Amino acid sequence: RKRLHLKNSGQVNEKELFHGTRTNDPKLIYEGEVGFDMRYSDEGMWGMANYFAVNANYSDSYAHVKAWMKEIFLVKVLTGDSYTCAPNRTLRVPPPKPSGMAGGGLKLEQLKYDSVTGTTNGSQVFMTYDNEKAYPAYLITYQAYNKA
């Protein structure tokens with residue numbers, strides 16, 4: 001948080017977003033050493049990243065299911081200065097900022113956006129490319145509902 005505050009002239013942009021873990025047990029996150037860990041992530045539409053959605057119904061499709069119950073996280077995510085783009089599977093880090101967007105005394109060649117954002121399946125999603133920008137605030141457990 002402190003690093004983003006300095007880098008972006010106070011702009012940390014903390015958001016509450018949703019995250020589903022699919023086949024990975026949520027315990028890997030809330031009992032894990034580092035919390036969100038990209039090593040457990042599948043490569044997605046915006047490359048290898050931790051993915052978070054504005055809409056809970058989007059994350060529902062990624063929910064962890066066990067015994068007719070579903071689990072998704074409500075996550076506090078520091079999105080900082082986000083780069084908006086179309087899907088790009090080659091991303092491994094956010095792109096560099098254009099010249100003139102320096103802040104916090106960092107050298108321009110080191111300055112990258114803090115996260116990436118885009119829209120898919122009716123939800124805005126945010127991707128972070130390091131594990132330190134997200135905190136699993138709540139694990140939401142609910143009954144799986146069959147629409148049929």
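Let's start inside the chain, at Thr117, which sits in strand E6, residues 115-120. Keep in mind that this is a predicted model. Is Thr117 buried or exposed? Its relative accessibility is 4%, and because buried means under 20%, Thr117 counts as buried. Look around this residue and, leaving out residues up to four places away in sequence, you'll find that Thr117 touches Ser82, Tyr83, Thr84 and Cys85, along with Gln124, Val125, Phe126 and Met127. If you hop from Thr117 to Tyr129, you move 12 residues along the chain, and the C-alpha atoms of the two are separated by 12 Å.

Now slide along to Thr128, which belongs to strand E7. With 0% relative accessibility, Thr128 counts as buried. Which residues is Thr128 in contact with, once its neighbours within four places in sequence are set aside? They are Met38, Ala49, Asn50, Phe52, Val77, Leu78, Ser115 and Lys133.

Glu71 lies in strand E4, which covers residues 69-78. Its relative accessible area is 7%, so Glu71 is buried. Beyond residues up to four places away in sequence, Glu71 touches Pro26, Ala63, His64 and Lys66, and also Leu139, Ile140, Thr141 and Tyr142.

What about the nonpolar residues? The largest nonpolar core has 11 residues in all, including Trp46, Leu91, Val116, Val125 and Tyr129. Two elements give two or more residues to this core: strand E2 (50-53) and strand E7 (123-128). Apart from that core lies another, made of 9 residues, among them Phe52, Phe73, Val77 and Ala134. Zoom in on Leu91, a member of the largest core. Not counting residues up to four places away in sequence, Leu91 touches Trp46, Gly47, Met48, Cys85, Val116 and Tyr129.

Two loop residues are worth a stop as well. Arg22 is in the loop between strand E1 (14-20) and helix H2 (27-30). Its phi is near 50 degrees, a positive value in a residue other than glycine. Arg22 counts as partly exposed, because its relative accessibility is 42%. Asn121 is in the loop between E6 and E7. Here, too, phi is positive in a residue other than glycine, with Asn121 near 45 degrees. Asn121 has a relative accessible area of 68%, so this residue is exposed.

Time to zoom out. How many helices and strands does the chain have? There are 3 helices and 8 strands, and from the N terminus on they run α-β-α-β-α-β-β-β-β-β-β. The C-alpha trace spans about 55 × 30 × 25 Å along its principal axes. A compact globule with 148 residues would have a radius of gyration near 15 Å, and the chain's 16 Å agrees with that. Take the contacts in the chain with a separation of 6 or more: residues 24 or more positions apart account for 74% of them.

Finally, the surface and the charges. Buried residues make up 42% of the 148 residues. The chain exposes about 8,800 Å², and carbon and sulfur atoms supply 52% of that area. There are 18 positive and 15 negative side chains, and the centres of these two sets lie 3 Å apart.

Methods:
Residues are numbered from 1 along each chain as its sequence is written. This is a predicted model: local features need pLDDT of at least 70, side-chain atom pairs count only at pLDDT 80 or more; totals for chains, interfaces and linings use all residues. Side-chain values use heavy atoms; hydrogens and water are left out. A nonpolar core is a set of buried Ala, Val, Leu, Ile, Met, Phe, Trp, Tyr and Cys residues joined through side-chain atoms within 4.5 Å. Buried means under 20% relative accessible area, exposed over 50%, partly exposed in between (1.4 Å probe, protein chains only). Helices (H or I, at least four residues) and strands (E, at least two) are DSSP runs, numbered from the N terminus. Contact means heavy atoms within 4.5 Å. The radius of gyration is taken over C-alpha atoms; the globule rule is 2.2 Å times the number of residues to the power 0.38. Accessible areas come from the Shrake-Rupley method with a 1.4 Å probe; for residues, only the protein chains shown count as cover. Lys and Arg count as positive and Asp and Glu as negative; His and the chain ends are not counted. The place of a charge is taken as NZ of Lys, CZ of Arg, CG of Asp or CD of Glu.
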